[in-house]
Amino acid sequence: MFGLTFVTPWLLAGAVLIAAPILIHLLSKRKFKIIGWAAMDFLLEADRRNRRRVRLESLLLLLLRCLAIILLALLVARPLVNPTGLLGAAAPNAAIQRLIVLDDSPSMTAIAENKSSFESALAGLTEFVRDLARQRPGDTLTLITTSAPDRPVFNGQPLGAAHIEQLVEQIQRLEPTDLAANPANALQSVQRMLSDTSGPRNTAIYLVTDLRQNDWLPPTSTTTPEADAATVATSSPTPDADATATATGSQNAPPALLTLVRQVAEKSAGFFIIDVGSDIGDNLAITEITPLEKSLAAGVESRFEVTVANSGSQDAQNVEVSFKPLDAPEVRSRLPLLRAGESRSVPFTYVFRQTGAMGVEASLGPDSMMADNTRFFAGEVRQGTRILLVDGDPSTQPGRGETYFLQHALSPPGDLPSGNVVEVTTEGQFEGLSLEGYQAIFICNLYRLSEERVKALEAWVKAGGGLVFFLGDQVDAAAYNEMLYAGGRGLLPLELTEIQGDDEQRAWVGLALDSENH
C-alpha cells in the first residue's frame, strides 16, 4: 500500500533491540526494602512535588532510546520507496536513473524449455521498460552490455511515451555476442559512471545475467559463493561456457565480482540481480583446433587435433565430431565416452590440394547450448616449406657436391610430394640473394661470409628463420669465430678449434649426438 520495501529486510530483525531500553526502564523501577529515616521526610515531600515532571522526562527518554534503535535498524535495512505506493506518490518529482547491465556472453544462448536465457532476458526487459513508461515517465534508462560496457546501447533516455517504442525496438534487436564478456568489467564501467558528479545521483542498477559459475567464483574455488544477502540472491550456477574467455591472474584484472557488486551497491539507490539462467546438463564444446604440422603444404598429409570438452553435469556417450575443410567433404570421428568435466582430443588428417588461404570447421551435434559447438581454424597452404641450401663446394659429378645428399633427403625425386621446396645456390650467388620467404637455410662447407651477409642472417634468424651450419674442409675457422661466434654472442653456438675427420674424403665421418632435443 505504501510502496515501502527494503534492500536487506532481514536486517530489520535488529529492531528487537528496542527491548533493551524498556528492560532498563522497568528494572530501574524495582521495589526495594524501605527503611524509615526522619531526615527522608523532607526528600519525599520534594519528590511528591516533582514526580509528574520526572515521570514525563523518563518516558520521553525511553521513547528517544527506542526511536534511535528503530532508526538504526531501518538504516542498515536500506529502505526503498516503490513509485506505485503512497510514499512514492508523495514525491513524484524524484526521478530515478535506471541503469541495466545485460549479460550478452555466449552462455546466455543456453536453451531451456525451448527458449534461450538471452531471449528470456529480452522479453523481461521489454515488459519492464513498458511498465516503467506507464508508472514512472520521468525516469531515465541506460542499457549497457557486458561485451561492450563502454559503448551503451542507449544512455540516459527518458521513459516518456514519445521514446518508449524506440527503446523497445533497440532492446529487441540485441543479439548475444561470441566474444569474451565479463560482468566484472561492466561493473567497473558502472563505477566510473557513478563517480561522475555531473550525472544523476539517484541511480538504481539491474544486473541481468545467467549467474555462470566462472564469473562468481575465485579461480581456485570449488564451492558455491556465500553471497552477501544484502546485495546478491544467487541460484544454482550455470555451467561455465565462457571459461576460456575470462582472464585470471592478470595485473589488470578487475576485482572479484562480489566485491564489485558490494562497492557499486553502496553508491546506488538499489542494486538488483536478475537471474535468467538455468541448469545445463548436456553441454559439449569444441575448445581448440590444433595443427600438428609447423606449416601446411599442398599435396602432403596434414594432421590436426580437435579438442572436445564436456562442461555439462552428465557423461556423454557416442560423441560425433565433424571435421570439414571449406569446400570439401566432411570427415567424422566418434568418442565412445566423454565424462562430465573431461576434455579429449580427436585426431584428423587431410591432404590439401590447392595453395593459398584455407579454413577448417569442426562441429558437434546439437545440445542445450549451440554457441560453442562449432569452431574454425584459418591458415595458409603453401607449395611447401622453402629451404635454401648454400653449397660451399659444388660439383658437376653426381654425389660429389656438398649438398647433393641433403637435397635428395629433403626432397626425394618422384611423384610423391615431400612438402619441401628446396633451392640450391653457390657462395657467390648467396651474397646478393634476398632471404625473405625462406623458412630454413643450410650453409654447407662455406668458406666465409661477408659482414653484410652476417647482419642479414642475424635479422632473418630474429624474425624466425631456422639456420643450420654444416662444416667442412673449406671453412675458414678464424673468420667463423670472429664474425659468427663473436665471443658467444653470434649465430654460431660453439667456437671452432680444429678439423676432425678425413679432409681427403676417403673415410666417412658422422655426428655423435649426445642429445637430440635441439
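This is a predicted model: local features need pLDDT of at least 70, side-chain atom pairs count only at pLDDT 80 or more; totals for chains, interfaces and linings use all residues.

Trainee: Great. How many helices and strands does the protein have?

Mentor: The protein has 12 helices and 21 strands. These are DSSP runs numbered from the N terminus, with helices being H or I of at least four residues and strands being E of at least two.

Trainee: And what share of the residues counts as buried?

Mentor: Of the 518 residues, 36% count as buried. Buried means under 20% relative accessible area, exposed means over 50%, and partly exposed is in between, using a 1.4 Å probe and protein chains only.

Trainee: What about contacts between residues at least 6 apart in sequence: what percentage join residues at least 24 apart?

Mentor: That comes to 70% of them. Contact here means heavy atoms within 4.5 Å.

Trainee: OK, so at what angle do H4 and H5 pack?

Mentor: Helix H4 (residues 117–135) and helix H5 (residues 164–172) pack at about 170 degrees, with axes 10 Å apart. H4 and H5 are therefore roughly antiparallel to each other. For the labels, angles under 35 degrees count as roughly parallel, over 145 as roughly antiparallel, 65 to 115 as roughly perpendicular and the rest as oblique.

Trainee: Which residues meet there?

Mentor: From H4 there are Leu 122, Leu 125, Thr 126, Val 129, Arg 130 and Ala 133, and they meet Ile 164, Glu 165, Val 168, Ile 171 and Gln 172 of H5. The residues of this contact divide into seven nonpolar, two polar and two charged. In that scheme Ala, Val, Leu, Ile, Met, Phe, Trp, Tyr, Cys and Pro count as nonpolar, Asp, Glu, Lys and Arg as charged, and the others, Gly among them, as polar.

Trainee: And H6 with H8: at what angle do their axes cross?

Mentor: The axes of H6 (residues 183–194) and H8 (residues 257–266) cross at roughly 20 degrees and come within 10 Å. That makes H6 roughly parallel to H8. The residues of their contact divide into nine nonpolar, three polar and no charged. Among those in H6 are Pro 183, Leu 187 and Leu 194, and the H8 side includes Leu 257 and Val 264.

Trainee: Now single residues. Is Thr 142 buried or exposed?

Mentor: Thr 142 is buried, with a relative accessible area of 0%. Thr 142 sits in strand S6 (residues 140–145).

Trainee: What does its side chain make a polar contact with?

Mentor: The side chain of Gln 97, at 2.7 Å. A polar contact is a pair of N or O atoms within 3.5 Å; within protein, one must be able to donate a hydrogen and the other to accept it, and residues adjacent in sequence count only if both atoms are side-chain atoms. Beyond its neighbours within four places in sequence, Thr 142 also touches residues including Leu 99, Phe 154 and Gly 156.

Trainee: And where is Asn 310?

Mentor: In strand S12 (residues 301–310). Asn 310 is buried at 2% relative accessible area, and a polar atom of its side chain lies 3.1 Å from the backbone nitrogen of Gly 312.

Trainee: What is phi for Asn 445?

Mentor: Near 55 degrees, again positive in a residue other than glycine. Asn 445 is in the loop between strand S20 (440–444) and helix H11 (451–462), and counts as buried at 1% relative accessibility.

How values were computed: Residues are numbered from 1 along each chain as its sequence is written. Side-chain values use heavy atoms; hydrogens and water are left out. Axes are lines fitted to C-alpha atoms, for helices over the stretch in contact, and angles run from 0 to 180 degrees between N-to-C directions.
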